Amino acid sequence: MDGWHKTGCVLCAQNCGLEVKVAGNRMVKVRPDKANPRSLGYACRKGLNVAHHQHHADRLTHPLKRTANGFERISWDRAITEISQKLKTVVNEHGPRSYAYMGGGGQGCHFEAGFGRTLMKLLGSQYHYNAVAQELTGYFWACGRHTGRQTDFHIPDEPRADMLLAVGWNGMESHQMPRAPLVLKEFSRNPDKLLVVIDPRKSKTASLADIHLPVRPGADALMVRAMIAIILGNGWENRAYIESHTTGFDRIRPWFENFAVEEALAVCGLDVNPVVDLCHELGRRRWCLHTDLGIYMNRHSTLASCLYNLLLAVCGRLCVPGGNVIPGKFMPIGAHTDERGPQNWRTAATDFPILMGYSPPNVLPEEILGDHPDRIRSVIVCASNPLRSYADTTAYEKALDRLDLLVTIELAMTETARLSHYVLPARSGYESWDGTFFTWTWPEIYFQMRRPIIEPNGEPLECGEIFMRIADAMGLIPALPDAIYQAAKKDRFAFAVELMTLARSTPGLMKAIPFILSKTLGREMGSGNLAALWGLLFTAPGKLRKDALRAGFAEEGWGESIRSAPGRLPTIVKSMIRNRSLAPLAGLHPRANYGEKLFQAVMDHPEGLWLGKSDATANMSAIRTPSGRIDLHIPEMDAWIADLTPEREAAALAPDPDFPLILMAGRHVRTNANTLMRNPEWNQGRRACTLAINADDAVALGLVDGQQVSVFTAAGRETIELEVSSRTRAGQVVMPHGFGLNYQGRVTGANVNRLTKGTNRDPLAGTPLHRYVPCRVEAA
């Protein structure tokens with residue numbers, strides 16, 4: 001494999017295109033890929049240092065079992081046999097609610113989720129714990145109520161906007177959109193555009209802004225309620241849009257009438273005139289909105305998301321070019337799970353709903369440690385590290401220690417792996433076929449299937465292969481005839497015919513389809529993930545065909561997809577069996593099937609490609625509410641917003657004498673990459689993990705730059721180096737996430753989640769309020 005290879009970054013959700021030079025089975029040079037259609041030759045320092053993610057001393061190479069004497073190397077057969085037997089025993093004795101799956105592919109490898117969720121469902125469980133529910137489920141819930149589906153959330157269409165409103169988002173450091181620093185600089189430099197930032201501190205993004213509103217930490221929801229009141233009070237709303245495209249305006253208008261705007265903005269720490277001027281711009285400009293963790297992980301998280309959706313709607317900026325649009329998607333990154341449906345579970349002990357298909361990680365310790373008869377007793381963790389990624393490390397340590405079975409599937413010996421009963425080595429994103437389904441572009445739909453460019457060391461497997469082996473050992477995969485294996489050896493046409501025939505005669509087969517594809521076609525392709533990709537495209541819905549045509553794929557010769565003619569399939573299959581002929585399947589022949597053509601296109605473009613393109617003139621058609629319009633009124637918000645008053649917020653935001661400062665737990669900096677970069681050498685010579693504090697606060701506390709300090713919260717204490725920073729707001733301190741990592745027996749940096757409590761969370765979605773953690777700081 002020596003030479004240059006096209007691939008993508010796996011360290012954040014933008015997955016920028018990379019070119020990697022391999023020599024002696026090691027990455028020796030990394031550069032941005034100019035041919036990547038989405039990142040266009042951009043990559044940040046994390047991607048350019050991705051070799052530290054791939055090559056380090058803590059990589060796992062063989063299955064391990066924890067014993068009284070430490071971890072013992074065991075065979076794959078023994079590991080799978082013991083895990084499957086113990087998991088079966090737990091579920092048989094305590095029911096499907098006793099099992100939870102934690103994973104879902106993280107930032108770079110999403111195909112694992114299809115296999116992990118399939119095992120979860122075959123066991124009868126609905127408990128999928130994922131980082132999405134650590135940040136975004138309140139936002140997805142709000143979008144689901146406004147647009148009809150939680151999967152139909154909106155993103156900013158910044159290329160067609162003349163103003164970008166960035167709220168609680170430091171894109172110069174955290175990205176969260178393709179080529180974010182370049183996009184932000186363009187808005188800042190272009191005299192015809194406006195960059196507006198609402199953020200308590202003078203972040204790098206705020207430093208570029210034409211307008212910066214330094215809102216008080218935790219006061220965002222009150223501020224946006226005041227902003228909508230200003231717009232409606234001055235008649236700056238888009239009345240024609242509201243009448244044509246929304247329902248419920250008369251129900252929500254009273255929320256903003258006679259509202260004490262001046263008193264509210266005083267509590268928010270803002271002058272009235274700049275806010276009024278901004279509201280005037282919002283009423284007349286072609287603007288889009290980018291919110292981030294400053295909203296999703298802050299006080300009133302779900303309510304704030306609802307209010308920002310309303311701000312967009314009353315200004316006519318939802319589902320219009322240059323506003324916020326619902327992107328097209330190859331595969332959704334979750335599932336619409338309306339908590340009002342009786343078929344959707346709630347967590348047993350804490351009574352939180354499953355949103356977007358995910359349970360909130362904040363509640364998992366309580367779900368394990370409680371005395372509820374349906375408490376969770378077994379967990380498989382895949383490509384996740386809850387002991388450094390999720391709130392309340394202390395509670396997690398106690399909970400994981402109580403489990404009957406904890407299995408970790410991972411690249412490295414993480415903090416979570418060290419507490420596991422079994423640790424199974426996974427292939428990295430550069431040792432396997434894999435990709436992501438993030439939908440950060442519009443109207444184009446992007447996809448890249450990364451291919452292996454490094455030979456694995458030892459015996460690691462694709463994560464999906466591991467889940468398949470466990471399911472097989474548990475007897476959850478139907479017995480397969482030799483004919484399906486022989487068909488897979490021939491070609492994909494023969495395999496498709498045999499698979500459809502088998503599906504007709506084997507009830508329940510399709511419930512295990514990722515495993516079936518992995519065991520059969522995946523064996524011949526050398527990758528279960530690659531077989532799963534073929535399956536996704538071969539059975540793709542007709543909408544993808546229309547999107548592909550708009551992206552430039554030729555229609556000539558395209559037959560039907562299997563899914564586009566479901567009513568005809570029984571007849572087709574019966575005719576094939578009766579006549580012993582494949583002729584009835586001619587229209588579905590893979591070589592004529594558009595899914596097959598798209599699969600080949602993906603294979604032909606290792607740099608990634610535009611797989612489809614949404615209709616840019618009809619984004620409003622993506623609304624799937626019963627009325628076909630944006631539903632402005634959400635009844636669950638009535639009581640919540642009634643409590644959002646200047647008086648109550650002033651009392652709630654009053655400093656706690658024991659914890660007078662507010663900790664922003666999770667600062668985005670160029671030196672953190674969640675917990676994916678284990679070897680600290682990639683930050684050699686940099687101040688990678690510090691507590692940023694305002695100079696006036698440092699003087700008042702008698703502290704100086706560079707000294708060691710202790711940070712105390714209701715959850716715990718951590719020691720960290722102090723950094724006096726002019727960007728930090730008085731009364732607020734800022735600490736990065738992704739540190740406190742144990743690498744080769746040495747801990748680097750401080751673990752911010754030792755300072756956060758899982759019970760400090762949004763009351764509806766359960767997302768942690770990491771942007772508002774009362775604390776105090778003292779000399780260590």
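**View 1. Ala 383, a partly exposed loop residue with a positive phi.** At 36% relative accessibility, Ala 383 counts as partly exposed, where buried means under 20% relative accessible area, exposed over 50% and partly exposed in between (1.4 Å probe, protein chains only). Ala 383 lies in the loop between strand E15 (378–382) and helix H18 (386–389), and its phi is near 50 degrees, a positive value in a residue other than glycine. Helices (H or I, at least four residues) and strands (E, at least two) are DSSP runs, numbered from the N terminus. The model is predicted, with local features needing pLDDT of at least 70 and side-chain atom pairs counting only at pLDDT 80 or more, whereas totals for chains, interfaces and linings use all residues. Residues are numbered from 1 along each chain as its sequence is written, and side-chain values use heavy atoms, with hydrogens and water left out.

**View 2. His 175, a buried loop residue with a positive phi.** His 175 is not a glycine, although its phi is positive at about 65 degrees. The loop that holds His 175 runs between helix H7 (171–174) and helix H8 (180–189), and with 7% relative accessibility His 175 counts as buried.

**View 3. The cis peptide bond between Trp 442 and Pro 443.** The bond that joins Trp 442 and Pro 443 is cis, with omega about 0 degrees. Pro 443 lies in the loop between strand E17 (422–425) and strand E18 (444–447).

**View 4. Strand E9 and the two strands joined to it by bridges.** Five of the five residues of strand E9 (residues 163–167) are buried, so this strand is largely enclosed by the rest of the structure. Met 163, Leu 165 and Val 167 point one way from E9, while Leu 164 and Ala 166 point the other way. Five bridges join E9 to strand E10 (residues 194–198), and these two strands run parallel; pairing requires that DSSP finds at least two bridges between two strands. Met 163 stands opposite Leu 194 in E10. E9 is also joined by five bridges to strand E13 (residues 287–291), again in parallel, and the bridge partner of Leu 165 in E13 is Leu 289.

**View 5. Leu 533 in the largest nonpolar core.** A nonpolar core is a set of buried Ala, Val, Leu, Ile, Met, Phe, Trp, Tyr and Cys residues joined through side-chain atoms within 4.5 Å. Of the 163 residues in the largest one, Ile 198, Leu 282, Leu 307, Leu 311 and Leu 533 touch the most other members. Leaving aside neighbours within four places in sequence, Leu 533 is in contact (heavy atoms within 4.5 Å) with Phe 111, Phe 330, Phe 447, Met 449, Phe 599 and Val 602.
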